[in-house]
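Dear colleague,

Please find below the structure that I am handing over to you. I would ask you to look through it before reading the notes that come after it.

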Amino acid sequence: MTESNTDFGPDLGEVFGPSHADGGPELVQLLTPEGERVEHPDFSFDLDDEAIKGFYRDMVLTRRIDTEATALQRHGELGIWAQLLGQEAAQIGSGRALAPQDFVFPTYREHGVAWCRDVDPLRLLGLFRGVDQGGWDPNDGNFGLYTIVIGAQTLHAVGYAMGMQRDGVVGTGDPERDAAVVAYFGDGASSQGDVNESFIFAASYNAPVVFFCQNNQWAISEPIERQSRIPLYQRALGFGFPGVRVDGNDVLACYAVTKAALQRAHEGSGPTFVEAYTYRMGAHTTTDDPTRYRLSEDLEHWKLKDPIARVHAYLTRNGLVDEAFFAEVEEEAERLGEHLRAGCKALPEPDPLSIFDHVYVDQTPELAAQKEGFAAYLASFEGHKEGAR
Amino acid sequence: MAKITLAKGLNAGLRAAMEKDPKVVIMGEDVGKLGGVFRITDGLQKDFGEDRVIDTPLAESGILGTAVGLAMRGYRPVCEIQFDGFVYPAYDQIVSQVAKIHFRSQGKVKMPMVIRIPFGGGIGAVEHHSESPEAQFAHTPGLKVVACSNPVDGYWMIQQAIACDDPVVFLEPKRQYHADKAELDESATPDPLFASRVVREGSDLTLLAYGPMVKTCMQSAEAAAGEGKSIEVIDLRTLSPLDMDPVFASVRKTGRAVVAHEAHVNLGMGSEIAARIAEECFFSLEAPVLRVGGFDTPYPPSRIEEEFLPDLDRVLDAVDRSLAF
Ligand SMILES: Cc1ncc(C[n+]2csc(CCOP(=O)(O)OP(=O)(O)O)c2C)c(N)n1
Ligand SMILES: [Mg+2]
């Protein structure tokens, strides 16, 4: 291991120590649940209070996207929604650490990261409403399409990072140029072969990747213990790169740790595993019923660590904002909610004939004929057999 | 007699199989406390324990690969794949290992396992949750593939599949799970597993279907009857091996056949079935065998899945084209 790796890597004594319900002493925290700034030997938050106000705003708006979408699902406007409630800090902290030239490979729950990449939240709804399978251009904000097949995107992330290496945009020393990739995935995903293979490839090629795992303690009904007997971040060591566990409900720490990991990647020092220790406060999705498999006490416990409340406490306790600030953010959230409610219903319905488009770059004669046949078939209903289709 | 849904039928069938044979174990994601995302294994972990109803880590290749080892050790694993589109991480284990071990060991090692896959669309889901991968497994020698279409078959077929010494890919039409109810007589003698069945008699044309399309085809036959057309419907039930004798007998009688499935038409089950009918019933045919199915495209966003899926109108359109030939 190089000098810089040891900053991240736990020593072996810690590796097999007991696991802690609260994340253990290894947890990197810079803002306590009570809203107090604390120091950490390896990581520090180097932005000013204006930035913290920005994070607050980001998190409140992200949560609004989530609650609005949840409500839209309840009203039948979305087929399903994957809630991020409780994971705002992990997503905003890591998302705001990105440089514009970095690229993100998300799961299906990264609404906060999408926000940081300037993806119109309305675009996120398309997949869940069933009008498209990803309504944004991944090349616009360097934000890939949501991936539902668990873990698949982590390999894509490594491949993309290998491309960056070949393009000579790693380790140039120019902060505007040096690029890296962040692969998002969950605790459950850490069991997939694809994810473990992505660790191997990244390590083998020293690829500029940050593996950002949101350990929200649950993979649908299965607790983290089903996936791992050791803290997840410690797995990185076995693959040959550093791992760090950060308080996933602490936006400052998530920012600082991701920033440091990205820096390593930009420099050409290779991959880092970041385990954001957090909690899925909502259901897995709107179709899930967590009362079947977990205790409500757990949720109560985690509510005390709410990622937004602690920033609120920090800002007010230190007199950094006045009531007008919160009112403004609230107003903005209202406008965002309205944008989503009105916009969702107005999302264009897909044309049935669009099924045949974009299957290939060069349309095949067979598929063109199928499209033509289906168009004729649909036309045969026009005028008569009203309502049959 | 109790009226049950397909979900209940499968659940009761699994329970019966576990009671009968202590070597039967269930494995999959969320099959334990949650009872599976569709509740097919509801209550089983509570009653049979964590050793027999196993919540696995989130890794399909891991599920199927360890099931191979359990089967070699004398267990009968019943693996649940959460949704059709998530079977592919396990595809290598299924086609290269599960399907071939009996052959490679010259019969010395059996693979008595069941791979349960909720399949098909029509539930308004996001991508990868509505697919019909049956042909990929039916194309693989060494695997048997069946599809149930109703609660009573669900109850019996899952038990028969578990009792089968060969690996069985067991397809469950997920949109039927909590839909129609049927009366279950647990003292009845079930039909054999690898047998197709005439579910409606008719004389003008034979409609062939399995899984979720059986209901659609029954409705199509009913609608056609209103127009004076007499349609025979066969629930194929088994896709590998195919049970073609009842199909041949029917086509010799009607002279016409239409095969319907949700899967893509190109190289779907309908292609094999049409070829076999052409080979065996050439001189009885009044029209070419027609296929109705999903288009040769990825499964579309759910708002247009009803256009993608063959429905009553599309089936009747094929029926009309065949009759007009
Ligand atoms: C290959 C695959 N298998 C199964 C699923 C079904 N599934 C969707 S989400 C999920 C749990 C994921 O847990 P985790 O990785 O912890 O992410 P989280 O949902 O908690 O964000 C499962 C099993 C899937 N989408 N893909
Ligand atoms: Mg999780």
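Predicted model: local features only at pLDDT ≥ 70, side-chain atom pairs only at ≥ 80, totals over all residues.

The interface between chain A and chain B

On the chain A side, 45 residues are in contact with 40 residues of chain B. The size of an interface is often given as the accessible area lost when the parts come together. For chain A and chain B, about 3,400 Å² is buried between them, and 55% of it lies on carbon and sulfur atoms. Three residues, Q133(A), R292(A) and I355(A), supply 19% of the area that chain A buries against chain B, which is more than any other three residues.

There are also polar links across this interface. Between chain A and chain B, 14 residue pairs are in polar contact, counting pairs with both residues at pLDDT 80 or more. Sorted by class, the side of chain A that touches chain B has 22 nonpolar, 11 polar and 12 charged residues.

Side chains of opposite charge can pair when their charged atoms come close. The rule finds 2 salt bridges across the interface of chain A and chain B. R303(B) forms a salt bridge with E349(A), with the closest N and O atoms 3.1 Å apart.

D187(A) lies in the loop between β2 (181–186) and α8 (193–205) of chain A, and W218(A) lies in strand β4 (residues 218–219) of chain A, so the pair ties together parts that are 31 residues apart in sequence.

Salt bridges in the whole structure

Over all chains, the structure holds 42 salt bridges. One of them joins R64(A) and E334(A), whose closest N and O atoms are 3.2 Å apart. This pair links distant parts of the chain, since R64(A) is in helix α3 (residues 49–74) of chain A and E334(A) is in helix α13 (residues 323–346) of chain A, 270 residues apart.

An annotated region of chain B

UniProt, in an unreviewed entry, places the feature "domain: Transketolase-like pyrimidine-binding" at residues 4–179 of chain B. Over residues 4–179 of chain B, the chain is 36% helix and 17% strand, and the end C-alpha atoms are 10 Å apart.

Yours sincerely

Note on methods:
Residues numbered from 1 in each chain as written. Chains lettered and ligands numbered in written order. Heavy atoms only, no water. Contact = heavy atoms within 4.5 Å. Buried area = accessible area lost by both parts, 1.4 Å probe. Salt bridge = Lys/Arg side-chain N within 4 Å of Asp/Glu carboxyl O. Polar contact = N/O pair within 3.5 Å; in protein donor to acceptor, adjacent residues only side chain to side chain. Nonpolar A, V, L, I, M, F, W, Y, C, P; charged D, E, K, R; others polar. UniProt positions renumbered as here; feature names shortened; annotations may be inferred. Helix = DSSP H or I, 4+ residues; strand = E, 2+ residues; numbered from the N terminus.
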